[in-house]
Amino acid sequence: MKKAILITLMICSALANAKHLKMKLQKALDEHYIKASANSLGGYQGFCIQMNLINMSSDSLFILIEAGRRLNSLEEKDQDILITRQEIIVLKKKEQKWVPVYGYCCQASNHCPKKNAKYGLNNLGDSSLVTLARFLNSNQFDNNVTQQAIWALSDQQPSAQVYSKVDTLVKKLRNLVCTLKGEELPWYSLETKTLVYQSGVMQNFATELSGQFNYIIPKDSYTTLHVFDKKGREVCKIIRQWSLKSNTIYDLKLPVKGMAKGKYTIELKTENGEQVVQKSFEI
């Protein structure tokens with residue numbers, strides 16, 4: 001009995017004193033502690049990538065896969081993937097392991113990759129994408145909200161697309177995106193939809209604009225909301241039958257599906273043509 005206890009203590013002591021190396025993926029690659037490759041699981045959101053890690057050292061390893069790493073597609077037509085969830089992978093000495101990795105597309109104009117499409121491990125993304133990825137790593141959002149936030153930075157899409165009807169935390173995400181882009185918060189929000197065709201081609205478009213603004217008119221009057229494109233052409237008109245002269249909030253819901261991408265202006269006018277409010281938006 002005593003001998004068995006002694007052997008157990010010796011094993012525990014050996015495990016406690018075993019050498020476990022802890023390092024970020026980049027260091028492990030640079031210093032040849034591991035070999036690694038990556039391929040698509042088919043898709044552009046969530047667990048859409050898997051990595052193959054091989055421990056080349058004689059010690060066990062703790063490898064940190066960093067949020068903010070940008071995986072570059074080896075197929076020019078396919079989109080790159082930004083890792084948004086930090087992972088710690090444990091590798092025994094000489095062990096090989098396949099691990100799923102969580103990320104999102106960061107090239108909106110490219111194709112959704114097919115299963116087994118090859119990826120390079122590349123390096124961390126630019127500083128703004130790294131900051132965003134670390135924020136996303138600490139907070140959970142709907143897939144579409146997360147995707148729109150990334151595209152707002154990686155593809156300079158409108159920040160107004162970072163929107164949710166139900167999640168109040170999205171306001172913090174939108175604030176961060178606007179700060180990273182160096183722009184003011186938009187007064188409006190855009191609901192969006194993303195389609196992925198069988199060919200892999202992706203289409204992201206806005207479906208509805210919503211927002212509020214205050215207006216004052218000198219007397220009770222009929223008012224009309226006009227929408228103009230950047231060339232000054234009227235693209236639509238919304239008639240609001242009766243407006244009071246008091247300081248009033250205009251609650252705007254504007255269908256924008258089918259409207260061309262670009263900048264627009266809205267003008268609220270009284271029945272005699274007097275302009276009350278002018279606002280700009282972009283889709």
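View 1. A pair here means rings of Phe, Tyr or Trp (its six-membered ring) with centres within 6.5 Å; planes under 30 degrees apart are stacked, over 60 edge-to-face, and the rest tilted. The count by this rule comes to 9 aromatic pairs. One of them is F213 with Y250, a stacked pair at 5.1 Å centre to centre and 5° between the planes. This pair links distant parts of the chain, as F213 is in strand β11 (residues 202-215) and Y250 in strand β14 (residues 248-255), 37 residues apart. Strands (E, at least two residues) and helices (H or I, at least four) are DSSP runs, numbered from the N terminus. F213 has 4% relative accessibility and so counts as buried; Y250, at 3%, counts as buried too. Buried is under 20% relative accessible area, exposed is over 50%, and partly exposed is in between (1.4 Å probe, protein chains only).

View 2. Y264 lies in strand β15 (residues 263-270) and F281 in strand β16 (residues 275-282), so the pair ties together parts 17 residues apart in sequence. Y264 and F281 are both buried.

**View 3. Charges over rings.** The charged end of R85 sits over the ring of Y102, 3.7 Å from its centre. K22 does likewise with F62: its charged end sits over that ring, 5.7 Å from the centre. The rule asks for NZ of Lys or CZ of Arg within 6 Å of the ring centre and within 35 degrees of the ring normal.

View 4. Strand β10 (residues 188-196) pairs with β11 in the antiparallel sense over 9 bridges; pairing takes at least two DSSP bridges between the strands. L190 stands opposite L209 in β11. There are 5 residues between the strands of this hairpin, and G200 takes a positive phi near 100°.

**View 5. Strand β7 and its partner.** I65 has E87 as its bridge partner in β7.

**View 6. Positive phi in two loops.** K94 isn't a glycine, yet it has a positive phi of about 65°. Its place is the loop between β7 (87-91) and β8 (96-105), and at 56% relative accessibility K94 counts as exposed. N116 isn't a glycine either, and has a positive phi of about 75°. N116 is in the loop between β8 and β9 (118-120) and is partly exposed, with a relative accessible area of 43%.

**View 7. Helix α3 and its packing.** Helix α3 (residues 127-138) has 12 residues and spans 17 Å from first C-alpha to last, close to the 16 Å expected at 1.5 Å a residue; the expected span is 1.5 Å times one less than the number of residues. Its buried residues are S128, L129, V130, L132, A133 and L136. These pack against β5 (70-73), β6 (81-83), α4 (143-154) and α5 (170-181).

**View 8. Q148 in helix α4.** Q148 is in helix α4 and is buried, with a relative accessible area of 0%. Leaving aside neighbours within four places in sequence, Q148 is in contact (heavy atoms within 4.5 Å) with Q157, Q161, V162, T192, T194 and N204. Q148 and Y104 are 44 residues apart in sequence and 10.0 Å apart in space, C-alpha to C-alpha.

**View 9. Confidence along the chain.** pLDDT is the predictor's confidence in each residue, from 0 to 100. The protein's mean pLDDT is 89, with 92% of its residues at 70 or more. Over residues 1-18, pLDDT stays under 50, and the model has 1 contact beyond four places in sequence for that stretch. Where pLDDT is low, the predicted coordinates should not be read in detail.

Notes: Residues are numbered from 1 along each chain as its sequence is written. This is a predicted model: local features need pLDDT of at least 70, side-chain atom pairs count only at pLDDT 80 or more; totals for chains, interfaces and linings use all residues. Side-chain values use heavy atoms; hydrogens and water are left out.
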